[in-house]
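Me: I want to learn how to read salt bridges in a model. Can you take me through a case?

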Amino acid sequence: MERNGQLKDSSIISMRHVEKTFMNIHKTNEVVRDVSLEVEENEFVVLFGPGQCGKTTLINLIAGLQLPTGGEVYVDGKKVEAPGRDRGVVYQTTALFPFCTVMGNVEFGPKSRGIDKKTRRQRAQYFIDLVGLGGFENSYPNRLSGGMRQRVGIARAYANDPKVMLMDEPFGHLDAQTRYMMEEELVKIWQKEKRTVVFVTNNSEEAVYLADRIIILTNTPTCVKQEVRVDLPRPRQYSDPAFLEIRRQIEEICDDTL
């Protein structure tokens with residue numbers, strides 16, 4: 001994991017003995033306990049565990065939206081102390097600007113950084129096309145399906161040129177057929193426009209389909225139970241016996257943590 005206290009050369013995310021406790025006048029709630037992990041550049045890592053175990057908190061700590069009670073988080077060698085453009089976040093609810101078109105939403109980040117109109121429009125168009133929304137540039141979010149809105153959210157995050165994509169159950173509210181389609185599309189996007197991805201899910205099938213490596217978490221307070229590497233070629237087949245065996249293994253490991 002580390003050499004002489006330094007980050008592993010290929011690591012872009014490093015969490016070192018991270019803890020997170022929420023406190024108020026009534027009680028103390030320990031959510032994360034001594035989590036240490038590293039994620040390599042361009043790796044697709046899935047955080048997998050039971051509902052409400054602390055997966056979203058880990059995403060928020062990497063994003064800089066929350067700060068650890070103990071330990072440290074590093075992204076690209078820099079200690080995380082606040083949100084930054086180097087980290088794009090996609091949540092289950094897309095939080096698109098309802099008053100902006102698809103183009104307006106996707107180009108919002110580059111526009112807010114002062115990038116000229118021609119350059120930002122070209123970049124936004126590239127990612128709109130990449131997520132399969134060419135022709136919907138002038139559509140407003142209320143005219144889009146749930147899957148299409150998530151595509152806009154992914155395009156918007158990519159258009160800001162982050163080094164790390166943090167995705168917190170982005171397909172959790174979608175019906176099964178749309179979720180399968182979005183998983184397939186996400187892999188294609190990731191293969192074409194490589195980024196380091198940390199993806200949260202409590203769906204074992206989704207975890208095996210997407211991940212290079214699955215981090216299995218315990219129930220609250222969460223810690224790392226085990227890591228499983230998924231050495232299956234892409235595109236993966238849900239009915240492949242090797243796929244089903246890995247799915248069985250991670251479900252069994254997760255059951256042991258409850």
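Reply: We will go through the charged pairs of this predicted model.

Me: What is the general idea behind a salt bridge?

Reply: Side chains of opposite charge can pair when their charged atoms come close. In this structure, a search of the whole model finds 20 salt bridges.

Me: Which residue meets Arg 87 in a salt bridge?

Reply: Asp 86 does, with an N to O distance of 2.8 Å. That counts because the cut-off is within 4 Å.

Me: Is Arg 87 buried or exposed?

Reply: Buried means under 20% relative accessible area. Arg 87 has 12%, so Arg 87 is buried. Asp 86 has 23% and is partly exposed.

Me: Where in the chain do Arg 247 and Glu 205 sit?

Reply: Start with the contact. Their side chains form a salt bridge at 3.5 Å, N to O. This pair links distant parts of the chain: Arg 247 lies in helix H8 (residues 241-255) and Glu 205 in helix H7 (residues 204-210). The two residues are 42 residues apart.

Me: How much relative accessible area does Glu 205 have?

Reply: Glu 205 has 10%, so Glu 205 is buried. Arg 247 is partly exposed, at 27%.

Me: Which residues are linked in a network of salt bridges?

Reply: Arg 123, Asp 161, Glu 193 and Arg 195 are.

Conventions
Residues numbered from 1 in each chain as written. Predicted model: local features only at pLDDT ≥ 70, side-chain atom pairs only at ≥ 80, totals over all residues. Heavy atoms only, no water. Buried < 20%, exposed > 50% of the residue type's maximum accessible area, 1.4 Å probe, protein only. Helix = DSSP H or I, 4+ residues; strand = E, 2+ residues; numbered from the N terminus.
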